[in-house]
Amino acid sequence: MTGFSTAIPQDGLDQPQRFWAVAAVALGLVMAVLDGAIANVALPTIAADVHVSPHASVSIINAYQIAVMVLLLPFASLGEIYGYKRIFLGGVVVFTIASFACAMSATLDQLTIARVIQGCGAAGQMSVTGALIRFAYPRAKLGQGLSINAVTVAASTAIAPTIAAAILAVAHWEWLFAINVPIGFVCFAVAFRTLPMSHRSSMRFDLPSALLCAATFGVGMFGIMDLSHGTTWLKGLVELAIGVIAGIFLVRRQLSRAEPLLPIDLLRIPLFRLSILTSIFSFCAQMLAFVAIPFFVQDILGRSEVMTGLLMTPWPFLVMIVAPIAGRLSDRFPAGLLGGIGLGLYALGLGLTALLPAHPANWDICWRLAICGAGFGLFQSPNNRAIMGSAPRHRSGGANGMLGLARLTGQTFGATFCAVVFKLFPHHGQMPVAMGLACGLAVIAMVLSFLRLRVPAVVATAAKG
């Protein structure tokens with residue numbers, strides 16, 4: 001990889017530098033997205049190992065998600081000011097160090113703090129991946145480059161249970177985090193040598209908006225978490241109120257700015273708005289399932305961690321098969337139709353999983369989760385295309401940020417809802433309630449997707465200009 005230029009490219013990078021640059025970005029994105037979901041399979045074991053209840057252990061998931069949510073948009077703005085490459089490399093360094101801290105943690109508090117720091121690093125990587133790919137690819141192949149970004153996120157989220165099963169088959173849960181350390185070194189080395197510099201904006205960083213963003217998504221979400229645990233009602237209500245008030249001020253501030261940190265202007269586009277809402281509800285249902293299923297399989301059915309990952313494998317396997325087909329179909333059919341059909345299939349699979357018998361065979365679990373994966377795969381690629389395609393080209397960065405924020409918001413709420421279910425319902429009743437709730441959320445997402453068919457095609461087309 002010697003001799004590669006890091007100067008600002010005129011129209012994309014030449015090969016083989018483009019290959020290595022995109023590989024570095026994809027590797028960083030895989031680490032960030034995968035670590036947001038990979039701990040789910042091992043969550044029951046981690047909870048037992050650090051001596052906490054199942055609903056308390058959900059903070060391991062939420063701490064990471066909330067940290068990413070809080071910093072995703074501010075880091076995207078800092079990337080425009082100081083350079084996307086600098087923010088990405090800084091994110092890789094923080095993520096790698098925090099991964100080592102996660103592996104060395106012995107208590108829930110230590111692991112939660114390490115996960116917060118890890119989420120800060122992940123936000124630095126995820127916030128600028130779309131922009132880096134735009135610099136790496138020539139304008140004529142920009143769509144191809146952005147599709148790599150979307151497919152990487154989708155595949156990483158879906159394949160997490162299988163990767164976790166493979167690691168846990170030969171190592172303890174700490175290695176779920178420790179394995180990121182050598183990967184992080186490789187990612188940093190390749191990115192440092194191959195990623196190009198970018199034009200730096202003359203705008204000033206909007207610190208008040210960043211603080212309001214942190215209060216809205218950070219303090220507000222922690223309030224929801226405290227309320228879900230049911231032990232700190234007053235503290236949770238105060239935090240939630242702070243989040244709501246900060247959100248109101250954040251929205252009002254963004255409405256008056258030409259380049260808003262929170263791209264709320266894009267929500268005025270009907271297709272964009274409905275696609276974002278569809279994404280939130282679908283990922284909320286997904287995280288509910290991904291947190292609830294491991295506890296059911298391990299604590300109720302008595303299966304091992306490795307078997308848990310293997311039983312969940314049909315979901316990502318079907319996503320990987322169906323998603324590329326859905327991507328090609330999205331060239332011919334509207335996202336509202338493909339997404340609605342996919343989410344209907346998704347809801348069917350979740351509903352059937354909620355109706356599992358008390359002592360199901362492995363096959364009973366596998367074929368139900370395969371239906372979930374097929375439906376999710378049919379929905380996700382067309383939905384991502386609708387989000388990015390309905391925004392004006394010069395607002396692609398903001399659209400990419402909102403796409404990631406929608407996914408993280410849904411996943412955080414899903415994990416929180418699961419914590420509420422664990423708190424309120426008896427041990428053997430948790431699975432049907434959690435999966436039934438996930439099914440209901442998928443049905444809402446299906447309705448929202450079909451509503452997109454009522455949006456005139458000229459609206460989406462006009463938005464691209």
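Tutor: Start with helix H19, where Gln 430, Met 431, Ala 434, Met 435, Ala 438, Cys 439, Leu 441, Ala 442, Ala 445, Leu 448 and Ser 449 are buried. Keep in mind that this is a predicted model.

Student: What does the secondary structure of the protein come to?

Tutor: It comes to 20 helices and 0 strands. Buried residues make up 58% of the 465 residues.

Student: Why is Gln 254 called buried?

Tutor: Buried means under 20% relative accessible area. Gln 254 has 2% relative accessibility, so it counts as buried. Gln 254 sits in helix H12, residues 233–255. The buried residues of H12 also include Gly 236, Glu 239 and Leu 250.

Student: Which residues does Gln 254 touch, beyond those up to four places away in sequence?

Tutor: Gln 254 touches Asp 206, Ser 209, Pro 260, Leu 261, Leu 262 and Ile 264. Contact here means heavy atoms within 4.5 Å.

Student: What makes the span of H12 agree with expectation?

Tutor: Its 23 residues should span 33 Å at 1.5 Å a residue. The expected span is 1.5 Å times one less than the number of residues. The end C-alpha atoms of H12 are 33 Å apart, so the two values agree.

Student: Why is Leu 337 called partly exposed?

Tutor: Partly exposed lies between the buried cut-off, under 20%, and the exposed one, over 50%. Leu 337 has 30% relative accessibility, so it counts as partly exposed. Leu 337 is found in helix H16, residues 335–354.

Student: Which residues form a nonpolar patch with Leu 337?

Tutor: Phe 333, Ile 341, Phe 450 and Leu 453 form the surface patch with Leu 337. Together they have about 390 Å² of accessible area. For the protein, the accessible surface comes to about 18,400 Å², and 70% of that belongs to carbon and sulfur atoms.

Student: Now the inside. How many residues are in the largest nonpolar core?

Tutor: That core has 68 residues. Those with the most contacts inside it are Trp 173, Leu 176, Val 291, Ile 293, Trp 315, Tyr 346 and Leu 350. Its largest share, 13 residues, comes from helix H13, residues 270–300. Another core, of 58 residues, lies apart from it, with Val 68, Val 128, Ile 224 and Leu 262 among its members.

Student: Is Ser 156 buried or exposed?

Tutor: Buried, because its relative accessible area is 5%, and the limit is under 20%. Ser 156 has its place in helix H8, residues 142–168. Leaving aside neighbours within four places in sequence, Ser 156 is in contact with Val 30, Val 33 and Leu 34.

Student: How many residues apart in sequence are Ser 156 and Leu 29?

Tutor: They are 127 residues apart in sequence, and 8.5 Å apart in space, C-alpha to C-alpha.

Student: And why is Val 319 called buried?

Tutor: At 3% relative accessibility, Val 319 is under the 20% cut-off, so it counts as buried. Val 319 is found in helix H15, residues 314–329. Val 319 and Gln 380 are 61 residues apart in sequence and 9.0 Å apart in space, C-alpha to C-alpha.

Definitions and conventions: Residues numbered from 1 in each chain as written. Predicted model: local features only at pLDDT ≥ 70, side-chain atom pairs only at ≥ 80, totals over all residues. Heavy atoms only, no water. Helix = DSSP H or I, 4+ residues; strand = E, 2+ residues; numbered from the N terminus. Buried < 20%, exposed > 50% of the residue type's maximum accessible area, 1.4 Å probe, protein only. Areas by Shrake-Rupley, 256 points an atom, 1.4 Å probe, with all protein chains shown as cover. Patch = residues over 30% accessible without salt bridge, like charges linked within 9 Å, V, L, I, M, F, W, Y side chains within 5 Å. Salt bridge = Lys/Arg side-chain N within 4 Å of Asp/Glu carboxyl O. Core = buried A, V, L, I, M, F, W, Y, C linked by side-chain atoms within 4.5 Å.
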